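Subject: Structure handover

Hello,

Here is the structure I promised to pass on. Please have a look, then read my notes below.

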Amino acid sequence: MAVCSLRVINFRTRYCSGESKFKKPINFSRFAIRFNSSSSSSSQGVIASTMAYEKELAAAKKAATLAARLCQKVQKALLQSDVHSKSDKSPVTVADYGSQAIVSFVLEGELPSEPFSLVAEEDSGDLRGESGQETLKRITELVNDTLTSEALDGFSTLTAEDITRAIDNGKSEGGSSGRHWVLDPIDGTKGFLRGDQYAIALALLHEGKVVLGVLACPNLPLASIGSNQQHSGNEVGCLFFATVGEGAYMQTLDGSSKTRVHVSATENPEEASFFESFEAAHSSHDLSKSITEKLGVKVPPVRIDSQAKYGALSRGDGTIYLRFPHKGYREKIWDHAAGCIVVTEAGGVATDAAGNPLDFSKGRFLDVASGIIVTNQKLMPQLLRAVKESLNEKASSL
Ligand SMILES: Nc1ncnc2c1ncn2[C@@H]1O[C@H](COP(=O)(O)O)[C@@H](O)[C@H]1OP(=O)(O)O
Ligand SMILES: [Mg+2]
Ligand SMILES: [Mg+2]
Ligand SMILES: [Mg+2]
């Protein structure tokens, strides 16, 4: 049984000792309150006590929340800017790198006694040459502004080199042994640019299995977004999180108390609504139309960007999520790891189009047969049959 006790920890000690990769001492004068669990989860298998991964979850929530603050600042400035800069990709670049730097920096600092491995989407290659200097300067300012104003007041300013090093922590190959953090610093960049949905998606792999996931969705309404529901209230900003065997939860991004979430219990596909990519280039809308017609789904699809779809599904806004990328596209683990554990812990099932479980243990890529489908346990057999029929029809029409 784990004991929760309040412990005061000096950030200066924590962020500067042990395995830290930061050459420059980082001076934190702020004190943090952390839970100290007497049941060490790190070396006792994937499912240990009921308090397993508690300190990792706290660190992940903190990292994703701070990264979300940075992204919100950039998106706000982007949406206020003129038409010219809206077609300019640089704001999202700055937010992508900044988000990755913050998550890397916070995780490494919060968990100093653990070896740190991060599999993340971005790397600093494009920032290192002469042409990247202006962007790197903007990222460095943004990260420093965010950490100063939002949480880690009192720390000494990070240099551009600190930032590139934090970003490049993300080069790990992951795999089936040990622990690896998995990060998409902005999932749904197209949605981010449009002012729509995006997510900061962070998960932890342990011995090849996803054991923890956090999804920060800054623009997702707190109220349901399903096509069957009346929209009520316009408050936005959700944080979903789940630890293996302990259920899935949602709270507001600004930190309200958590609520346990469950997938929809709908067994009748005629009552089900479904989610898919906003961008037809990311997932075939024709195929999902064929599948949902076979099932008898009556309402039109809810199309939104990013793993916010997994979050919405985990709280029952809809019943089905279909994703069929076009030929040649290879899925990456950071595009599904966090969403997958959130929806699974909420009672759902995520498989590839052939019904195989998703295997996150093979490195940076996630090799799947044809696509990814998600629904509740009761509907999955029916959905799999419809998917198989539609895929066969598509193959024979080619
Ligand atoms: N051609 C593509 N097909 C499918 N997914 C893509 C493609 N290009 C990028 N993606 C990634 O897939 C996800 C988009 O999914 P969705 O349509 O559900 O928002 C994002 O993670 C996006 O990456 P990124 O993280 O850079 O935005
Ligand atoms: Mg992504
Ligand atoms: Mg991304
Ligand atoms: Mg990308």
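Start at the ligand. An oxygen atom of ligand 1 sits 2.4 Å from an N or O atom in the side chain of Asp335. Taken alone, ligand 1 exposes 560 Å², and the protein buries 83% of that. Please keep in mind that this is a predicted model.

Two further contacts involve oxygen atoms of ligand 1. Ser277 places a polar side-chain atom 2.7 Å from an oxygen atom of the ligand. For Arg323, the distance from a polar side-chain atom to an oxygen atom of ligand 1 is 3.0 Å.

Now the wider surroundings. Ligand 1 takes up the space of the second largest pocket. Around ligand 1 there are 15 residues. The closest are Asp187, Ser277, Ser306, Lys309 and Asp335. By class, this shell holds seven charged, five polar and three nonpolar residues. Strand β4 supplies the largest share of the shell, three residues.

Next, the cavities. The whole structure has two of 30 Å³ or more. The second largest cavity holds about 30 Å³ of space. Its lining consists of Glu114, Pro115, Phe116, Ser117, Arg179, His180, Trp181 and Leu204. Four of these lining residues are nonpolar, two are polar and two are charged.

Which strand gives the most to the lining of the second largest cavity? That is β4, residues 179–187, with three residues. Strand β4 is also where the largest share of the shell around ligand 1 comes from.

Best wishes

Technical notes
Residues numbered from 1 in each chain as written. Chains lettered and ligands numbered in written order. Predicted model: local features only at pLDDT ≥ 70, side-chain atom pairs only at ≥ 80, totals over all residues. Heavy atoms only, no water. 1 Å grid on protein atoms, 1.4 Å probe; cavity = no way out; pocket = protein on both sides within 12 Å on 5 of 7 lines; lining within 4 Å. Points joined across faces, edges and corners; volume = space filled by probe spheres on them. Helix = DSSP H or I, 4+ residues; strand = E, 2+ residues; numbered from the N terminus. Nonpolar A, V, L, I, M, F, W, Y, C, P; charged D, E, K, R; others polar. Near = heavy atom within 4 Å. Polar contact = N/O pair within 3.5 Å; in protein donor to acceptor, adjacent residues only side chain to side chain. Areas by Shrake-Rupley, 256 points an atom, 1.4 Å probe, with all protein chains shown as cover. Sits in = over half its atoms within 2 Å of the grid points.
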